[in-house]
Amino acid sequence: MTTRIHPLLILFTILVYVFLLGPLIIIFGASLSDTTYLTFPPQGLSFRWFQNIWDISAFRRTIVTSLQMAFLGTAIALVIGIPAAYALNRYRISLPAWLSTLFVLPILVPEIVIGFSLLRSVTVQAGVPVWYALLIGHTLLVIPYVIRVVSASLASFDFSIEEAAISLGSPPARTFFTIVLPNIRSGVIAAFILCFITSINDVSVSLFLTGPGVSTLPIQLLAHMEQFFDPTIASVSVVLMLLTILVMIIVERTLGLAIVAK
């Protein structure tokens, strides 16, 4: 016997999907408009605003910078965050309780405060070049996500397996890479995706740490909006969405999203 779904439940589900997908559809439609100003519904269809992204040298340069910050910042965060998450879960009894809170401070503190603090301490007082200061900011921003996600994977890991391998003569470092790391692979991949998306779309921290010749794509998008209001803005937003979808597709084709969701 089949259960009949109430029409109000169907209507509510449709409204939720419209609420979630509506802004994306509006942005995509506006990016295809043939007008010289941002409008929806589009008046005519044209891909010239996507071509305009590559015609503007500032956008080409900032896309490269954003990808560099996303990949390098995420890689450094993984190198720091995975051992930290391992230590917090493996030696949770001997480590102080406040240590786990310390690693998530960048999530608890508003990003605008983090950006201003890094500008004052790293760029102004320490004299760190803008590019490296921006990399430090993006790394600090995503480290908490690595620790939280990897810690969730380690919470279900049986450390007695690691102890058994060590007792049989396997060195601790080799045991970590051959026993522990493969078992938390899904958490590491999920952390990479989350950190990459967070970094490439960051505005608050990058706004304080960018400088002459060094800027990210979202910051350049804000600068473009101050002078122009053409569909290029929507086209850049669509490119960022497609880049996020591309990352998800690569993970799905290589490992499967079901593995990451475990």
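A salt bridge is a side-chain nitrogen of Lys or Arg within 4 Å of a carboxyl oxygen of Asp or Glu. The model shown in these views is predicted; local features need pLDDT of at least 70, side-chain atom pairs count only at pLDDT 80 or more, and totals for chains, interfaces and linings use all residues. Residues are numbered from 1 along each chain as its sequence is written, and side-chain values use heavy atoms, with hydrogens and water left out.

**View A. Arg90, Glu162 and Glu163 form a salt-bridge network.** The structure has 3 salt bridges by this rule. Arg90 and Glu162 meet at 3.0 Å, N to O. Glu162 sits in helix 8 (residues 159–167) and Arg90 in helix 3, so this pair ties together parts 72 residues apart in sequence. Helices are DSSP runs (H or I, at least four residues), numbered from the N terminus. Arg90 also bridges to Glu163, with the closest N and O atoms 3.3 Å apart. That pair spans 73 residues, again from helix 3 to helix 8. Glu162 is buried, at 2% relative accessible area. Arg90 is partly exposed at 22%, and Glu163 is partly exposed at 41%. Buried means under 20% relative accessible area, exposed over 50%, and partly exposed in between (1.4 Å probe, protein chains only).

**View B. Asp34 and Arg48 form a salt bridge.** Their closest N and O atoms are 3.4 Å apart. Asp34 lies in the loop between helix 1 (7–31) and helix 2 (48–55), and Arg48 in helix 2, so the pair joins parts 14 residues apart in sequence. Both side chains are partly exposed: Asp34 at 38%, Arg48 at 37%.

**View C. Tyr86 and Phe176 pair edge-to-face.** Aromatic rings of Phe, Tyr and Trp (its six-membered ring) pair if their centres lie within 6.5 Å; planes under 30 degrees apart are stacked, over 60 edge-to-face, the rest tilted. The structure holds 10 such pairs. Here the centres are 5.2 Å apart and the planes at 80°. Tyr86 belongs to helix 3 (residues 57–90) and Phe176 to helix 9 (residues 172–183), so the contact ties together parts 90 residues apart in sequence. Tyr86 is buried at 13%. Phe176 is buried at 14%.

**View D. Phe116 and Phe208 pair edge-to-face.** The ring centres are 6.2 Å apart, with planes at 75°. Phe116 lies in helix 6 (residues 111–125) and Phe208 in helix 11 (residues 204–209), so the pair connects parts 92 residues apart in sequence. Phe116 is partly exposed at 46%, as is Phe208 at 23%.

Technical notes
Helix = DSSP H or I, 4+ residues; strand = E, 2+ residues; numbered from the N terminus.
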